[in-house]
Amino acid sequence: QGQLVESGGGLVQPGGSLRLSCVVPASIFRFYEMGWYRQAPGKQRELVAGIWRDGKTIYADSVKGRFTISRDNAKTTVYLGMNSLKSEDTAVYYCNRQPDPILNFWGQGTQVTVSS
């Protein structure tokens, strides 16, 4: 069982928006750079967005300009805002340390399905 708890996924039409949340234990949050990963059926898990403790962010080319990662230090939570969703964004989304995820941090993820 992972230590990170993701939520906020769901079914959305193309062009729609969702906001994912990941609650991180404080003992982890304060020390690690965090990221959102996704895994689509039949594909490898990939990093889609990362955020450093100083606020620096990175994005996969496929989501640049559409997704926004942020972190709330008081709530030890990492967010992923997703706009202009496409069918190819359909995947299970996870949060973990980035760029090197930690095996026992993987949670159950949250399913995002983009379909009309």
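Reader: Over which ring does the charged end of R19 sit?

Author: The charged end of R19 sits over the ring of Y79, 3.9 Å from its centre. The criterion is that NZ of Lys or CZ of Arg lies within 6 Å of the ring centre and within 35 degrees of the ring normal. This is a predicted model, in which local features need pLDDT of at least 70 and side-chain atom pairs count only at pLDDT 80 or more, while totals for chains, interfaces and linings use all residues. Residues are numbered from 1 along each chain as its sequence is written, and side-chain values use heavy atoms, with hydrogens and water left out.

Reader: And where does the charged end of R45 sit?

Author: R45 places its charged end over the ring of W106, 3.9 Å from the ring centre.

Reader: Which residues do ring pairs link into a cluster with W106?

Author: The cluster consists of Y37, Y94 and W106. Rings of Phe, Tyr and Trp (its six-membered ring) pair if their centres lie within 6.5 Å; planes under 30 degrees apart count as stacked, over 60 as edge-to-face and the rest as tilted. The structure holds three aromatic pairs. One of them, Y37 with W106, is edge-to-face, at 5.2 Å centre to centre and 80° between the planes. Y37 lies in strand β4 (residues 34-39), and W106 in the loop between β9 (91-97) and β10, 69 residues apart.

Reader: Is W106 buried or exposed?

Author: W106 counts as buried, because its relative accessibility is 18%; buried means under 20% relative accessible area, exposed over 50% and partly exposed in between (1.4 Å probe, protein chains only). Y94 and W106 also form an edge-to-face pair, 5.6 Å centre to centre with 80° between the planes.

Reader: Turning to the sheets, what is the order of the six strands in the open sheet?

Author: The order is β2-β10-β9-β4-β5-β6, with mixed pairing. β2 (10-12) and β6 (57-59) stand at the edges with a single partner strand each, so one side of each has no neighbour in the sheet. Strands here are DSSP runs (E, at least two residues; helices are H or I, at least four), numbered from the N terminus, and two strands pair if DSSP finds at least two bridges between them.

Reader: In which sense do β2 and β10 pair?

Author: β2 and strand β10 (residues 110-114) pair in the parallel sense, over three bridges. V12 stands opposite V114 in β10.
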